[in-house]
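Here are my notes on the model you sent over. Have it open while you read, and skip to whichever point you need.

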Amino acid sequence: MDKKIMKNKHLFVTTALTCLVITVLTSCGSSKPTVYTRADEQNERLQELVQTGWQIHGTTRTLRGKLSEHYAKMDANPDLYEVIGTSTGCRSATVCRSAAFNAACVEMAVKMGQDLKGKTMRDMGIDEGVELPTEYNRFQEACISKFQGAVKGDLEESFALIRKGSDGLNSYEIYFLVDRQSARKRRTQAIKDALEESNLRKDYAKSVEKFINDEVE
């Protein structure tokens with residue numbers, strides 16, 4: 001083969017390889033890391049709900065539309081947080097709704113009681129698992145009961161879902177948005193009211209009062 005042709009062929013291959021390397025290096029250097037967006041989260045949640053058989057209930061809106069609205073409200077107001085009330089094994093959707101609503105109230109109240117107990121024990125240097133006095137347990141139960149009743153007004157329903165099982169019974173979920181500041185005020189008031197009605201020892205009462213002060217700040 002002619003030396004000139006061989007030389008040109010070699011030059012062409014070398015140039016092509018050089019361009020390929022430059023393209024790869026430029027591409028790698030300019031690529032941006034993938035960002036997980038709110039839209040990604042919404043689509044993932046929607047897909048999960050649909051695949052597990054949940055359907056929107058009590059509205060003519062679509063699940064995608066209500067889910068989008070739900071996230072938009074939280075994005076617009078950082079004080080809003082999500083609480084989900086659930087119920088299972090009921091034939092009537094009305095019964096399901098009532099049970100799911102109560103479950104959300106109970107969940108919030110029980111968590112409040114656990115937070116209060118944990119703070120009290122840490123403040124007093126009591127090891128986890130140690131049995132607390134009967135008076136304290138009664139006081140905590142009163143706090144939970146009062147808060148459970150008061151927080152009902154803070155549950156703003158975003159949307160509800162229903163799923164029918166193979167046994168013909170329904171599962172139900174209600175997605176609520178709760179205003180953190182409003183719930184905090186109700187929690188504080190519930191603790192104050194329960195403390196006034198209790199016969200707690202002074203050391204326990206002082207620890208509870210510290211919790212109340214932290215709540216108010």
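The numbered points below go through the sheet, the helices on it, the disulfide, the salt bridges and a few single residues.

1. **Ground rules.** Keep in mind that this is a predicted model, in which local features need pLDDT of at least 70, side-chain atom pairs count only at pLDDT 80 or more, and totals for chains, interfaces and linings use all residues. Residues are numbered from 1 along each chain as its sequence is written, and side-chain values use heavy atoms, with hydrogens and water left out.

2. **The sheet.** Start with the four strands, which make an open, antiparallel sheet in the order β1-β3-β4-β2. The edges are β1 (55-57) and β2 (80-90); each has a single partner strand, so one side of each has no neighbour in the sheet. On average, neighbouring strands are turned by 30° against each other, direction ignored. Strands here are DSSP runs of E with at least two residues, helices are runs of H or I with at least four, and both are numbered from the N terminus. Two strands count as paired if DSSP finds at least two bridges between them.

3. How many bridges link β2 and β4? The answer is ten, in the antiparallel sense, with β4 covering residues 170-179.

4. Helix α3 (residues 63-76) lies across β1, β2, β3 and β4, and runs at about 145° to β3. Helix α6 also packs on the sheet: α6 touches β2 and β4, and its direction makes about 90° with that of β4. Contact here means heavy atoms within 4.5 Å. The axes are lines fitted to C-alpha atoms, for helices over the stretch in contact, and angles run from 0 to 180 degrees between N-to-C directions.

5. **The disulfide and other cysteines.** The count is one disulfide, taking a disulfide as a pair of cysteine sulfur atoms within 2.5 Å. C90 and C96 are the partners, at 1.9 Å S to S. Which hand does the C90 and C96 disulfide have? The torsion about the S-S bond is about 110°, so the disulfide is right-handed. Both ends are buried, C90 at 9% relative accessibility and C96 at 0%. C105 is buried too, at 0%, and C143 likewise has a relative accessible area of 0%. Buried means under 20% relative accessible area, exposed over 50% and partly exposed in between, using a 1.4 Å probe and protein chains only.

6. The whole structure has 13 salt bridges, each a side-chain nitrogen of Lys or Arg within 4 Å of a carboxyl oxygen of Asp or Glu. One of them joins E41 and R38, at 2.9 Å N to O. Both residues sit in helix α2 (residues 38-51), three residues apart, about one turn of the helix. E41 is partly exposed at 29%, and R38 is partly exposed at 30%. Another salt bridge is K119 with D123, whose closest N and O atoms are 3.9 Å apart. K119 and D123 are four residues apart in helix α4 (residues 93-123), so about one helical turn separates them. K119 is buried at 17%, whereas D123 is partly exposed at 34%.

7. **A salt bridge between distant parts.** D154 bridges to R186, with closest N and O atoms 2.6 Å apart. The two are 32 residues apart: D154 is in the loop between α5 (134-150) and β3 (156-164), and R186 is in helix α6 (residues 180-197). D154 is buried at 11%, and R186 is partly exposed at 32%. Shared partners also join R38, E41 and D75 into one salt-bridge network.

8. **Two more residues to check.** Is K206 buried or exposed? K206 counts as exposed, because its relative accessibility is 55%. S198, in the loop between α6 and α7, is buried at 18%. A polar atom of the S198 side chain lies 2.8 Å from the backbone oxygen of L195.

Conventions. A polar contact is a pair of N or O atoms within 3.5 Å; within protein, one must be able to donate a hydrogen and the other to accept it, and residues adjacent in sequence count only if both atoms are side-chain atoms.
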